[in-house]
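I opened this entry to record what I looked up in the model, working from the chain as a whole down to single residues and pairs.

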Amino acid sequence: MFLLWSLVLLLVLVVWLVNVWLQTSFRFATHLPRLEPFYPIIGNGLLFIGKSGNEMFDAFIKPFAEFEQWFQMWLGPKLIVGTSHPDIMQAVLTHPDCLEKPFLYDFAQVEHGLFGGHYHTWKTQRKALNPSFNVRILNSFIPVFIKCSNLLVNNLEKAVDQGGKTVSVLPYISKCTLEMVCGTTIGCDVLERSGKDTLLHNLDRTFELVAKRMVSFHQYADVLYRFMKDCAEEAQCRLRCYGYFDKILDLAKNQIKNVEDIEEHEDFKKPQIFINQLLSVKHNGNPFTDEEITHNIYTIIAAGNDTTALQVSHTCLFLAMHPEIQERVYQEVMEVFPITDQEIEMDDLKKFSYMERVLKESLRLAPSGPNIARQAMRDIEIGGLAIPSGNLMLLSIYAMHRRKDIWGPDADRFDPDRFLPERSVGRNPNAFMPFSAGSRNCIGARYAMIGMKIMLSYIVRRFRMSSKQTMGDLKFRLDMTLKLHSGYDVFLERRL
């Protein structure tokens, strides 16, 4: 009995000493408000352990809406300072000493590419790949976008009866964006390849498991994680995804002949696929390694497909809830493209002024990349807080886009006209950043906007959409990207 009590006392002493050490180590943040409930050693961990995806999302977002500026969040013994304040977020994202991504991104296992790469890897790659998304190259992608969008609406027509039908639009749109991304990334047509449904399911599950691991401190250590059920499932999902990617990547490499640096006289009407850039350009004086090529291709296909598909699906759902807004988009599409199968040019897409506002409002309420984490590379001071080197900062785009002190008391309402110039006067210019900000922002932002405009123009031209859901019914789940827990069911009716 004496031995038992001695062990208990020793354990209590160890916990107390570790907690004192943690509080001392992170004393720079002790004056900040803290997410509750908080417990020694495990921090806020109980908010996320054993909870559903929707419950984890709500618990994760709550402090960003509750606290005006910086606050403390403890994932186990790891302190993270978080904020949704636009000026602080802009300061972090544009600060030269905040370009490092923390260990949380290592869980995605694409550390040799743009998304998950650490600072020095990212810096040289980004400089080399920026020209891959210039206007001329993006313009060459339009025929691919048109072909895939046409296939999308044809497939939706097959699923819809004469009188209309409720359809979950995300799976159809995801297949379309997968075709788009593969066609413009590796020049490979996956229309006839089997396994697309399995790939999309496994990608979705992998993203969900990675996001869950990010907030589950007991899964951080690889030596422990490999014995957990989630690890085994994630490994299986990754294996299936890599198997699909590797096959189409091998096919694409076999189709490429005499890859040389792109010359000025080359016809940019021909799609300048991303893999050609990876194989021809150099970063830091060296060609991309096979591993770097693979990680960047995985990233572009997986992330590019997922984010664009989700954004178009969210937009369709918002339009289905707001028929009067949907009708204005339809009328604009008919004005710009009165003839079916009319040739689409970049200048035509610029005429979609109302659709642009609709997409911006969709990006505001449901940004596909809802949160960003950064690590201080040196001692810095931002937003009145002195942050020592190595500490983590968590920024919520989702929460910032819904702040009532910025967007007004109706911040949760879908209103595209809030982006009219006259209604934007006086609004904080840093309050809208759907594709992040600073030099480490999304490299494919313009690519995504072009693809979304073309897809949406085809969908609203062919279908009238409606939904019984309201904005208040929408429930999101914790994931790498912003996904609805409540589903993407839309009633589709073919237009005459």
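**Ground rules.** I am working with a predicted model, in which local features need pLDDT of at least 70 and side-chain atom pairs count only at pLDDT 80 or more, while totals for chains, interfaces and linings use all residues. I number residues from 1 along each chain as its sequence is written, and side-chain values use heavy atoms, with hydrogens and water left out.

**Whole chain.** I looked up the secondary structure and found 19 helices and 13 strands in the protein chain; helices (H or I, at least four residues) and strands (E, at least two) are DSSP runs, numbered from the N terminus. Of the 496 residues, 55% are buried, where buried means under 20% relative accessible area, exposed over 50%, and partly exposed in between (1.4 Å probe, protein chains only). The accessible surface comes to about 22,400 Å², and 56% of it belongs to carbon and sulfur atoms; these areas come from the Shrake-Rupley method with a 1.4 Å probe, and for residues only the protein chains shown count as cover. I also noted that, among contacts with a separation of 6 or more, residues 24 or more positions apart account for 74%, a contact being heavy atoms within 4.5 Å.

**Strands β1 and β2.** I then turned to β1 (residues 71-75) and β2 (residues 78-83), which pair in the antiparallel sense over five bridges; two strands pair if DSSP finds at least two bridges between them. The two form a hairpin with two residues between them, and G76 in the turn has a positive phi of about 65°.

Which way do the side chains of β1 point? F71, M73 and L75 point one way, Q72 and W74 the other way, and all are buried. In a regular strand the side chains alternate between the two faces of the sheet. β2 is mostly covered as well, since five of its six residues are buried.

**Nonpolar cores.** I took a core to be a set of buried Ala, Val, Leu, Ile, Met, Phe, Trp, Tyr and Cys residues joined through side-chain atoms within 4.5 Å. The largest has 151 residues, and those with the most contacts inside it are W70, V81 and F245. Helix α12 (residues 290-321) gives the most to this core, with 15 residues. A second, separate core of five residues includes W407, A411, F419 and A431. Among the contacts of W70 beyond four places in sequence I listed L32, V81, I88, I382 and M393.

**Salt bridges.** I counted 30 salt bridges, each a side-chain nitrogen of Lys or Arg within 4 Å of a carboxyl oxygen of Asp or Glu. D204 pairs with R477, the closest N and O atoms being 3.1 Å apart. Because D204 lies in helix α8 (residues 196-214) and R477 in strand β11 (residues 476-477), the pair ties together parts that are 273 residues apart in sequence. D204 is partly exposed at 23% relative accessibility, whereas R477 is buried at 13%. Both belong to a network of salt bridges that also links R205, E208, E233, D306, D479 and K483.

I looked up two pairs within helices as well. E234 and R238 meet at 2.8 Å, N to O; both lie in helix α10 (residues 229-255), four residues apart, about one turn of the helix, and both are buried. E361 and R364 also form a salt bridge, with closest N and O atoms 2.8 Å apart, and they sit three residues apart in helix α15 (residues 353-365). E361 has a relative accessible area of 0%, and R364 is likewise buried at 0%.

**N150.** Last, I checked N150 in helix α6 (residues 142-159), which counts as partly exposed at 26% relative accessibility. N150 touches Y458 and R462, not counting residues up to four places away in sequence. The C-alpha atoms of N150 and D341 are separated by 9.2 Å, although 191 residues lie along the chain from one to the other.
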